[in-house]
Amino acid sequence: MANYYTDHPEIGFYLNHPLMARIVELKERNFVDASIYDYAPVDLGDCIENYKQILDITGDVAANIIAPNSESVDLEGPHLENGRMIYASKTFENLDATRKAGLWGVSMPRRYGGLNLPNAVFSMLSEIVSAADAGFQNIWSLQSCIDTLYEFGSEEQRQKYIPRVCAGEGMSMDLTEPDAGSDLQRVMLKATFDEKENCWRLNGVKRFITNGDSDIHLVLARSEEGTKDGRGLSMFIYDKRNGGVDVRHIEHKLGIHGSPTCELTYKNAKAELCGSTRLGLIKYVMALMNGARLGIAAQSVGLSQEAYNEALAYAKERQQFGEKIINFPAVYDMLSRMKAKLDAGRSLLYQTACYVDIYKCLEDIARDRALTPEEKQELKKYQRLADAFTPLAKGMNSEYANQNAYDAISIHGGSGFIMEYKSQRLYRDARIFSIYEGTTQLQVVAAIRYITNGTMLANIKEMSESEELRVNSEEFAAALLERVKKLIPIYEEALANVKALENQDAQDFLARRLYDMTCELVMSLLIIRDAAKAPEMFAKSANVYVRMTEEDVFGKSAYIKAFQVSDLENFKAEKTEE
């Protein structure tokens with residue numbers, strides 16, 4: 001029987017990530033839960049086995065329920081009845097299966113009914129669910145909104161809402177409005193305090209809300225009258241049981257048809273303040289978005305895996321000119337690049353997730369006791385790394401998902417354009433990944449300060465000399481490492497050339513090229529590390545990915561070196577009268 005976890009041992013490989021032991025140590029806090037809950041682990045080995053069991057269950061549900069339902073869900077999609085969103089028929093089956101399997105609220109502490117899973121393992125679950133159906137992954141993975149409520153809500157709110165999510169109730173984050181897309185400072189949904197009822201009331205419209213008719217909403221609203229920027233925004237909790245919110249419209253989208261995208265009208269809806277006023281955008285939404293971006297990185301890796309699987313299977317079977325097409329250089333070049341992007345992107349995903357885990361665990365511990373000076377330094381280090389790596393993981397994996405889905409259709413040829421083949425659905429589903437929760441261009445904006453201030457250059461140099469990459473026992477990996485090391489001065493020179501232009505427009509124009517080179521160098525080092533440990537899984541991908549990185553770094557650095565500020569005029573679109 002198929003299993004989306006055990007069929008892909010590359011996922012389980014990252015349970016042995018160098019940071020995993022520290023994550024478990026922090027997450028389990030000396031395994032104190034073992035004396036309270038009979039299902040809690042007693043040591044590191046027991047904990048990893050628990051993770052494997054949960055992943056195995058998820059892989060089974062994904063392969064044998066969610067994936068077989070995916071075509072029907074794509075064709076039917078959700079619909080609107082009397083102001084309520086109704087899921088596609090098979091989506092209800094998916095929800096029932098994941099609830100019965102205990103796959104909701106999994107990141108929450110056991111005292112609320114959760115499984116206390118770290119972010120890295122949740123990302124593995126997200127990858128697996130996405131490989132089966134990226135649209136359903138949207139619905140399921142939005143349970144991670146509860147992390148923000150847990151982090152910033154009161155204990156009373158935790159007790160009230162977290163057990164409901166652990167029991168399988170859905171969530172949404174209601175941020176976007178008709179006039180506030182990427183620029184969330186323009187949010188105008190109004191929040192006013194009702195003195196008589198001792199609650200907040202919400203009025204206005206939200207647009208493009210994924211899973212918008214969910215049970216529990218986190219809502220960004222303007223609580224400070226007369227303000228027009230982010231400092232007037234607060235975060236609220238809306239409970240569907242209280243009424244006051246209707247679905248006005250469900251968007252008809254190119255892909256992810258199973259994921260309902262709703263326009264909502266708030267009419268005097270009762271809500272609770274989450275955290276403090278004025279911090280909704282500048283603190284709480286930033287935390288929410290970073291979690292969502294990591295979730296999309298996992299979603300992207302899952303779809304990339306499925307696109308590769310479909311392309312590989314077709315290439316093995318399809319025969320032209322008396323030979324299987326997998327033997328054609330043009331085809332196996334595409335397949336090798338797809339696999340290299342998949343493996344390198346997955347390594348970046350779990351590296352980032354592990355960084356997030358360590359600092360989030362330390363923040364959680366700090367709620368109960370003072371951190372030691374060493375722990376404070378550790379928190380600061382890994383928070384900085386998480387902030388720097390998250391836009392890399394989201395941006396590059398979402399782009400790779402699009403590229404791999406595109407190449408899967410190319411390998412299928414004309415059949416890939418036919419609706420009966422899965423590759424067309426993967427292509428349609430993937431397109432949104434590099435748009436929502438911040439376009440790739442916005443990921444570049446988020447990452448570029450870490451690039452131009454030298455933080456990422458220092459990280460790359462440190463990674464290239466780390467103990468993990470002392471790979472003398474694997475000659476092929478050592479040789480690849482030396483090739484990457486030769487690229488670092490070229491990258492450093494390109495970085496200096498961009499900064500020397502001393503022109504913001506020029507630096508913004510070239511930022512994507514610096515971003516791409518940064519990501520590719522980081523991923524080259526990560527995939528070499530993985531290949532040294534498991535050459536049977538990653539040696540080919542490491543070889544291909546390093547060659548791709550050389551191709552790109554040489555080309556982009558040459559472009560930057562020849563660039564002049566005056567060149568900008570050649571790229572500007574024709575001016576139109578305002």
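**Entry 1: helix H8**

I began with helix H8, residues 155–166, which has 12 residues and reaches 16 Å from its first C-alpha to its last, close to the 16 Å expected at 1.5 Å a residue. The expected span is 1.5 Å times one less than the number of residues. Helices (H or I, at least four residues) and strands (E, at least two) are DSSP runs, numbered from the N terminus.

I noted that this is a predicted model, in which local features need pLDDT of at least 70 and side-chain atom pairs count only at pLDDT 80 or more, while totals for chains, interfaces and linings use all residues. Residues are numbered from 1 along each chain as its sequence is written, and side-chain values use heavy atoms, with hydrogens and water left out.

I then looked up burial, where buried means under 20% relative accessible area, exposed over 50%, and partly exposed in between (1.4 Å probe, protein chains only). In H8, I found Gln157, Arg158, Tyr161, Ile162, Arg164, Val165 and Cys166 buried. Their cover includes helix H7 (145–152) and strands S3 (171–174), S6 (216–222), S7 (233–239) and S9 (261–274); contact means heavy atoms within 4.5 Å. After H8 comes glycine 168, with a positive phi near 115 degrees.

Phenylalanine 31 is in the loop between helix H2 (20–28) and helix H3 (44–76).

Isoleucine 256 is not a glycine either, and its phi is positive at about 35 degrees. I located isoleucine 256 in the loop between strand S8 (245–250) and S9. Isoleucine 256 is buried, with a relative accessible area of 5%.

**Entry 2: helices H15 and H16**

I recorded that H15 (residues 475–500) and H16 (residues 504–533) pack at about 165 degrees with their axes 10 Å apart. H15 is therefore roughly antiparallel to H16; angles under 35 degrees count as roughly parallel, over 145 as roughly antiparallel, 65 to 115 as roughly perpendicular and the rest as oblique. Axes are lines fitted to C-alpha atoms, for helices over the stretch in contact, and angles run from 0 to 180 degrees between N-to-C directions.

Residues of H15 including Leu480, Val484 and Leu487 meet residues of H16 including Leu510, Leu514 and Met517.

**Entry 3: helices H5 and H9**

The axes of H5 (residues 119–132) and H9 (residues 280–317) come within 7 Å and cross at roughly 45 degrees. I therefore class H5 and H9 as oblique to each other.
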